[in-house]
Amino acid sequence: MNVFRILGDVSHLLAIIILLLKIVKSQSCAGISGKSQILFALVFTTRYLDLFTTFISIYNTIMKVVFLICAYITVYMIYVKFRKTFDSENDSFRLEFLLVPVIGLSFLENYSFTPLEILWTFSIYLESVAILPQLFMISKTGEAETITTHYLFFLGLYRALYIANWVWRYYTESFYDQIAVVSGVVQTIFYCDFFYLYVTKVLKGKKLSLPMPV
């Protein structure tokens with residue numbers, strides 16, 4: 001395990017903690033896409049089924065369990081505990097537009113046609129697009145709270161660090177996972193505009209705002 005992998009995991013965990021703290025402190029899930037959080041919970045569930053079949057390391061097991069627990073706590077807070085603050089009107093992205101092609105692609109492009117492998121592949125493809133409902137919600141409302149933008153920044157940073165991790169592994173171990181790399185690059189591309197706005201606005205103390213869709 002290299003430093004890029006560890007920093008990526010830390011960034012990912014920090015993003016989730018920021019989101020949970022935002023909800024708990026404000027007693028509100030306003031501005032947060034419940035649909036994106038459902039997709040992330042689905043990503044972790046289908047990816048970490050190997051918890052029951054394969055032991056890699058204590059670190060690996062702990063991180064998987066933590067991500068699973070945090071994902072479902074977030075979904076619970078949005079749809080149960082603080083459901084009255086949930087902006088369902090603006091969280092209107094059609095999930096079938098993501099799930100149907102991702103499921104189809106998982107059956108067509110995978111390393112082994114077995115249930116666990118197909119579900120793992122599904123989780124990789126789904127993670128690359130899971131943030132789209134959140135980005136769509138921001139574009140629909142025209143703005144995002146600063147805490148939410150911090151969450152998105154660290155989530156995007158996690159993917160960027162994982163790309164660095166794959167580059168490092170390629171040059172040091174000759175290891176190359178085409179599915180993970182391509183999906184990670186696609187996901188990072190979705191964050192590019194956001195990164196620019198984060199650096200030029202949020203880091204300068206301005207509120208992130210976007211043009212309202214026509």
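Predicted model: local features only at pLDDT ≥ 70, side-chain atom pairs only at ≥ 80, totals over all residues.
## Overall architecture

The chain contains 8 helices and 2 strands. Read from the N terminus, its elements follow the order α-α-α-α-α-α-β-α-α-β.

Among contacts in the chain with a separation of 6 or more, 77% link residues 24 or more positions apart.

## Burial and surface

Of the 214 residues in the chain, 44% are buried. The accessible surface of the chain amounts to about 11,300 Å², and carbon and sulfur atoms contribute 69% of that area.

## Packing of H1 against H3

Helix H1, spanning residues 3-26, packs with helix H3, spanning residues 58-81, at an angle of about 25°. Their axes lie 11 Å apart. Angles under 35 degrees count as roughly parallel, and H1 and H3 are therefore roughly parallel to each other. The crossing of these two helices is left-handed.

On the H1 side, the contact is made by Arg-5, Ile-6, Asp-9, His-12, Leu-13, Ile-16, Leu-19, Leu-20, Ile-23 and Val-24. H3 contributes Tyr-59, Asn-60, Met-63, Val-66, Phe-67, Cys-70, Ile-73, Thr-74, Met-77 and Ile-78.

## Helix H5

Helix H5 comprises 15 residues, 115-129. The distance from its first C-alpha to its last is 22 Å, close to the 21 Å expected at 1.5 Å a residue.

The buried residues of H5 are Ile-118 together with Thr-121, Phe-122, Ser-123, Ile-124, Tyr-125, Leu-126, Glu-127, Ser-128 and Val-129.

Notes. Residues numbered from 1 in each chain as written. Heavy atoms only, no water. Helix = DSSP H or I, 4+ residues; strand = E, 2+ residues; numbered from the N terminus. Expected span 1.5 Å × (residues − 1). Buried < 20%, exposed > 50% of the residue type's maximum accessible area, 1.4 Å probe, protein only. Contact = heavy atoms within 4.5 Å. Areas by Shrake-Rupley, 256 points an atom, 1.4 Å probe, with all protein chains shown as cover. Axes fitted to C-alpha atoms, helices over the stretch in contact; angles between N-to-C directions. Parallel < 35°, antiparallel > 145°, perpendicular 65-115°, else oblique. Left-handed = near helix turned anticlockwise from the far one by under 90°.
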